[in-house]
Amino acid sequence: MEASEPHQDRLAGRAVEVLEARRDRLPEGAVEAFEVRQDPHLGRRVCPLPVPGRVAELVPRGHRVDWPTWLDRGPRMLRHVLDLCRLRTARGLAVLSWLAGGPQPDDLDWLWDARRLTGPRQDRMYAAAADVPEPVLGLVTANWTWVLDTCHGGRVTAPYLAGTAYPADGHAAADAAMTLFQTYDRHPEARPAIAAAWAAARVTADWCKAAELHAAYGVQTPVFTYPRAARPVVAGIRPWIERLFRLR
């Protein structure tokens with residue numbers, strides 16, 4: 001037991017360094033919203049503090065995406081799904097930046113606009129996503145690499161994205177899940193985009209769950225993530241994924 005104390009001290013010291021460095025980089029108006037700890041077996045763990053209600057309310061609304069509920073094998077359907085994946089990913093990262101303590105703007109109409117991301121609205125959403133701290137973004141990329149590495153990626157991503165988008169309409173959720181699953185299955189080039197949308201959505205929801213446990217029991221609760229895999233060597237890693245996930 002005594003032999004492990006120096007090792008634990010080094011881990012604790014690195015965790016403190018991470019926290020202090022992150023505090024120095026907090027944008028003006030940001031608040032401390034999470035803690036980072038080093039687990040000797042699981043590595044870096046991100047533990048949210050309780051989330052203000054006005055920020056937590058953004059998460060379920062962020063899931064609302066009009067995923068298509070019909071199947072069309074033509075290129076137009078594929079482009080539409082990819083555009084929605086980009087919107088869902090950027091929106092999820094923007095919300096995640098505010099969950100992580102970033103300053104939240106008062107006007108959010110631009111966030112809920114369902115049209116294709118372009119122009120100033122895209123710049124604003126990408127800028128919000130760029131404020132996600134590195135340890136927090138690491139949660140998203142861990143999920144993303146894991147789901148692309150498993151042979152069950154379509155079965156994992158499609159029901160989650162569809163179910164959270166249509167929580168009160170089981171028929172629409174089932175139809176959208178089938179559309180997303182078959183798109184994932186038939187179009188390998190679409191898999192990184194669908195996986196990115198799922199990864200961002202999962203982390204925002206799991207962040208709130210961990211924060212609720214912290215508020216209820218007063219103990220650090222890490223955000224759940226799937227095990228990180230190697231960076232995928234697949235077709236379809238589009239420039240917006242590289243930008244939002246800081247892959248280059």
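Helix α8 (residues 153-165) is a run of 13 residues that reaches 18 Å from its first C-alpha to its last, close to the 18 Å expected at 1.5 Å a residue. Helices here are DSSP runs of H or I with at least four residues, numbered from the N terminus, and the expected span is 1.5 Å times one less than the number of residues. The model is predicted, so local features need pLDDT of at least 70 and side-chain atom pairs count only at pLDDT 80 or more, while totals for chains, interfaces and linings use all residues. Residues are numbered from 1 along each chain as its sequence is written, and side-chain values use heavy atoms, with hydrogens and water left out.

Buried means under 20% relative accessible area, exposed over 50%, and partly exposed in between (1.4 Å probe, protein chains only).

Next comes α10 itself. At 1.5 Å a residue, its 27 residues should span 39 Å, and the end C-alpha atoms agree with that, being 38 Å apart. Since 20 of the 27 residues are buried, α10 is largely enclosed by the rest of the structure. Two residues give a closer look. Asp206, found in α10 (residues 191-217), is buried with a relative accessible area of 6%; leaving aside neighbours within four places in sequence, Asp206 is in contact with Val223 and Phe224. His214 also sits in α10 and is buried, at 14%. Not counting residues up to four places away in sequence, His214 touches Pro48, Leu49, Pro50, Val219, Gln220 and Thr221.

Val219 is partly exposed, with a relative accessible area of 45%.

What about the nonpolar core? The largest one has 73 residues, and Trp67, Trp98 and Trp207 touch the most other members. Such a core is a set of buried Ala, Val, Leu, Ile, Met, Phe, Trp, Tyr and Cys residues joined through side-chain atoms within 4.5 Å. In soluble globular proteins, nonpolar side chains tend to be buried together. Leaving aside neighbours within four places in sequence, Trp67 has contacts that include Val81, Leu84, Leu161, Ala165 and Ala197.

Terms used:
Helix = DSSP H or I, 4+ residues; strand = E, 2+ residues; numbered from the N terminus. Contact = heavy atoms within 4.5 Å.
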